[in-house]
Amino acid sequence: MTSSYQLPSPLLQRLFLPPRDPSLLLSSSLRHLILLTEPPLPSIEAIARPHEKLAGLRFDPTLLLPSTVVDWASGLKIRELSSSQEWNVALPDHCEGIRYVRFHPNKELFVCTAKVKNEARLELYKCTLQINDDDDNAGEWILKQIPLQRRMNFASGCAYQFNGDDLLISTVPIDHPKDPPVEPVTTGPAIQIVERNARKAPGRTYQDLLKNEYDEAKLRYYLSVELVVVNVVEDSCVVKLIPQSTGGAIMPSTTSKLIPQNPSRPILHSAQASPSKRFLLVTLLSTFSYSVPLGKFGKVIEIWDLHSDQVIPVFSLPVDDEVPLSYDACSRHPRSFRWHPLEDTLMYVKALDGGDNTVDVGDDGERDAVYTRKLTMDAASSGGGEVKLQDANKLVGVQWRYSDLDYMQNGMAILEEYRWKDRMERRWILDKDGNKIKMLWERCWQDRYNAPGEPLSRRMGENGTYFIVQPTETSIFLRGAGASPLGDRPFLDVCDFGGEKIIMKRLWRCTAPVEGELDAEKEVGGVLPKERKDIYESFVCLMGDNDSMLISRESKTTPRNYYLTKLSNLHEENQVTSFEHPQPDLLGVTKELVQYKREDGVDLTCKMYLPANYDGTPRPTVSTYFMLFIPIELAIEIVTSCITIPNSLFIRAPSHLSYFGLTLENSRTQKQLVRCKDPNILSFMLDGLPLFIGQQGGG
């Protein structure tokens, strides 16, 4: 008798362990496409690795990686979109695979992390396109290790980010203890202190909270980091430490420390580089809590000047454990700290109603406001003069709750606010001074059939900031899923807000299916298409010329592949990928969309899969599939019957063996079509039909 796990039959292996579709990543310039090959399933060793659960985080204490990271890409290909030229980049023999690919904001270069085989060790690599001097079109991607000589810390997020040509990396301090703290013998109760003058507030339920001082010590041990900088463009890749107080010079890591690692100092949680690349907006964890996760711990917000030793204090925030239970409630303290994308100006949001949506602010009142604080420098600041942070200035206020603020390169912005009780959202166009010019729309976000889409953004600028793409000064692109009674049909629109009325024009939409009625107003040019096919197309990205675009296409029998086409000529296209069918045993399997009424009258849909050449005669197989539907609170009734998935998606076996296991191996026969009385439970039992049913519409 063997002690190892047994493999299923060859047929089941082909069905449920096929090659995974490569993960695709586009370079910052949108010139190159990275294809990462990953294993079909993670190894048992990877899943069985121990992990810590502290302050809402779950991570591997040895590798300092999130517990969700269990597989690594073992294959790396790079393809040029315009020519389909392809490079196979060989990974080092001692590496298991790579992950955490990040592109340089404006160069053909990316960095990645590699896992060493059979060792709890990570390495940092850079991959650069080296151009042949004799032929600009010829080149080679070279993978090279960056000699960091430090452990990177991914426990609370990606350990590195670009700041121009420099890579800022969160690393474990050189003098950090090798072993974590030892659990002490309990000599007394765990004591929690309520601060003086604290407000009474209901408590939410969270997972994996801190429980005692030992958990605090472990969290401080695992999250203690210092920030180093590496110029990845230079061949030398010298590792330097970002100092807090070194008289303006960037000192070698052997002679200075960023944050002294002792219990009296906060923990570096995050850092954002400013548009000028000179300043860092830093969040430090200052106060721990046993009642809320790490994101709500007490914080210290600071600005660090990379050209000097100056540290500019911004805010000191207490533990955020006084938020009311309502969905429209929020923190009463400043939140959402960020840089203005075009200048070295701090931005943040503050609730004007104390974070409590039950407070009456009137019909014209404001619940949230966006504030700015500019950095000012005297004439000698470039040589080490003092930098000051101006007082807060209110940029714009919103009547509902703030959601997001996205900028365009010309300084204009789109402001989003929401109201949970009726699922409403608003979008505003702001001018360069933050004044509301025009409302783009006010709508229920659950009404998918009439969704206008989301503003299209693209990585632009020297520091790789994302901006909303504009074909003209008074228009933007919108991309959407295009939900319809025929299933999702993604689209790309242009929205012109320059006139008295907002004008929407459809530029591209997924090909219409063969059957079903169409609405001409929602088609390209307002005209019904002449050609219809049962395929599913999705918009991926728009290139820098605002004409060429990358789309994906698939059908029930053809796997998803990617194509380059043009808005000016949609009939002209260039195939970028040629992925083969990963499960050829499923060729001939058909899929049908079944529409039915629930006992309470609500329209629902489901999918039914039938074997190849099925003639309708009963088979000696039974497929029984029970589904429990948890009701979702809906603001409008029509949402329940919305069809959310197109019927032309590529057919593949689901990742759970139990779905098809009953179909393939159960030889009993059941009576046909039994319905449960409970409207929240749907059960199909069909005599002799080897099928798989899954709900598409509804909650």
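A salt bridge is taken here as a side-chain nitrogen of Lys or Arg within 4 Å of a carboxyl oxygen of Asp or Glu. The legends below refer to a predicted model.

**Figure 1. Overview of the protein chain.** The protein chain has 699 residues, and buried residues make up 48% of them. Its secondary structure consists of 4 helices and 43 strands. The accessible surface amounts to about 35500 Å², with 50% belonging to carbon and sulfur atoms. When contacts between residues at least 6 apart in sequence are considered, 54% join residues at least 24 apart. Across the whole structure, 39 salt bridges are found, and the number of disulfides is 0.

**Figure 2. The salt bridge between E119 and R121.** The closest N and O atoms of E119 and R121 are 3.0 Å apart, and the pair forms a salt bridge. E119 has a relative accessible area of 38%, so E119 counts as partly exposed. R121 is also partly exposed, because its relative accessibility is 36%.

**Figure 3. The salt bridge between D353 and R367.** The side chains of D353 and R367 meet in a salt bridge with an N to O distance of 2.7 Å. D353 is buried, because its relative accessibility of 7% falls under 20%. R367 has a relative accessible area of 16% and therefore also counts as buried.

Figure 4. A network of salt bridges links R335, D353, R367, D368 and R401.

Figure 5. R443 is part of strand β28, which covers residues 436–444. With a relative accessible area of 12%, R443 is under the 20% limit and so is buried. A polar atom of the R443 side chain lies 2.7 Å from the backbone oxygen of D447. Leaving aside residues up to four places away in sequence, R443 touches R423, M424, E425, N450, A451 and P452.

**Figure 6. The largest nonpolar core and the contacts of L415.** The largest nonpolar core has 28 residues, and those touching the most other members are V370, L405, L415, F477, L492, L542 and M549. Not counting residues up to four places away in sequence, L415 touches V396, V398, Y402, D404, L405, R426, R427, W428, L430 and K436.

**Figure 7. Cysteines C158 and C330.** The structure holds 0 disulfides. C158 is partly exposed, because its relative accessibility is 29%. C330 has a relative accessible area of 10% and therefore counts as buried.

Terms used
Residues are numbered from 1 along each chain as its sequence is written. This is a predicted model: local features need pLDDT of at least 70, side-chain atom pairs count only at pLDDT 80 or more; totals for chains, interfaces and linings use all residues. Side-chain values use heavy atoms; hydrogens and water are left out. Helices (H or I, at least four residues) and strands (E, at least two) are DSSP runs, numbered from the N terminus. Buried means under 20% relative accessible area, exposed over 50%, partly exposed in between (1.4 Å probe, protein chains only). A polar contact is a pair of N or O atoms within 3.5 Å; within protein, one must be able to donate a hydrogen and the other to accept it, and residues adjacent in sequence count only if both atoms are side-chain atoms. Contact means heavy atoms within 4.5 Å. A nonpolar core is a set of buried Ala, Val, Leu, Ile, Met, Phe, Trp, Tyr and Cys residues joined through side-chain atoms within 4.5 Å. A disulfide is a pair of cysteine sulfur atoms within 2.5 Å. Accessible areas come from the Shrake-Rupley method with a 1.4 Å probe; for residues, only the protein chains shown count as cover.
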